[in-house]
Amino acid sequence: MDTLKQGANYVSESVQGTGATASKEANKETAKDNSASIGDRASAAKDAAGDKMEETKHDASASANKESAKH
């Protein structure tokens, strides 16, 4: 039963990590956009940094769940 739970957690964390990656990339593009206001660009850069932290957290958790499901 724990293996099934760890597998489900792995899938959940993987999906959340993918969402954070997509958000990070969109924010990076906004931060680079010369036609966006300086406030929007700064906000997007800050958000991209936060998304990177979320991405790393979810990827690490997914990896740990994947390893736990193997045992």
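1. **Model and fold.** The model is predicted. The secondary structure of the protein consists of two helices and zero strands. Helix H1 covers residues 2-32, and helix H2 covers residues 38-70.

2. **Overall shape.** The C-alpha atoms fill a box of roughly 50 × 15 × 10 Å along the principal axes. The radius of gyration is 16 Å, whereas a compact globule of 71 residues would have one near 11 Å.

3. **Burial and surface.** Of the 71 residues, 21% count as buried. The accessible surface comes to about 4800 Å². Carbon and sulfur atoms account for 57% of that surface.

4. **Contacts along the chain.** Take the contacts between residues at least 6 apart in sequence: 67% of them join residues at least 24 apart. Thr-56 and Ala-20 are 36 residues apart along the chain, and their C-alpha atoms are separated by 8.9 Å. Thr-56 lies in helix H2. Thr-56 counts as partly exposed because its relative accessibility is 44%, and the cut-off for buried is under 20%.

5. **Asn-27.** This residue is found in helix H1. Asn-27 has a relative accessible area of 16%, so it is buried. Leaving aside residues up to four places away in sequence, Asn-27 touches Ala-44, Asp-47, Ala-48 and Asp-51.

6. **Charges.** The protein has 10 positive and 12 negative side chains. The centres of the two sets lie 3 Å apart. The whole structure contains seven salt bridges.

7. **A salt-bridge network.** Salt bridges link Lys-24, Glu-25, Lys-28, Lys-52 and Glu-55 in a network. Within it, Lys-24 pairs with Glu-55, with the closest N and O atoms 3.1 Å apart. Lys-24 is in helix H1 and Glu-55 in helix H2, so this pair ties together parts 31 residues apart in sequence. Both partners are buried: Lys-24 has a relative accessible area of 12%, and Glu-55 has a relative accessibility of 8%.

8. **Other bridges to these two residues.** Lys-24 also meets Glu-25 in a salt bridge, at 3.6 Å from N to O. Glu-25 is partly exposed, with a relative accessible area of 33%. Glu-55 meets Lys-52 in a salt bridge, at 3.4 Å from N to O. Glu-55 and Lys-52 both lie in helix H2, three residues apart, which is about one turn of the helix. Lys-52 is partly exposed at 41% relative accessibility, while Glu-55 is buried.

Technical notes. Residues numbered from 1 in each chain as written. Predicted model: local features only at pLDDT ≥ 70, side-chain atom pairs only at ≥ 80, totals over all residues. Heavy atoms only, no water. Helix = DSSP H or I, 4+ residues; strand = E, 2+ residues; numbered from the N terminus. Rg over C-alpha atoms; globule rule 2.2 N^0.38 Å. Buried < 20%, exposed > 50% of the residue type's maximum accessible area, 1.4 Å probe, protein only. Contact = heavy atoms within 4.5 Å. Areas by Shrake-Rupley, 256 points an atom, 1.4 Å probe, with all protein chains shown as cover. Lys, Arg positive; Asp, Glu negative; His and termini not counted. Charge placed at Lys NZ, Arg CZ, Asp CG, Glu CD. Salt bridge = Lys/Arg side-chain N within 4 Å of Asp/Glu carboxyl O.
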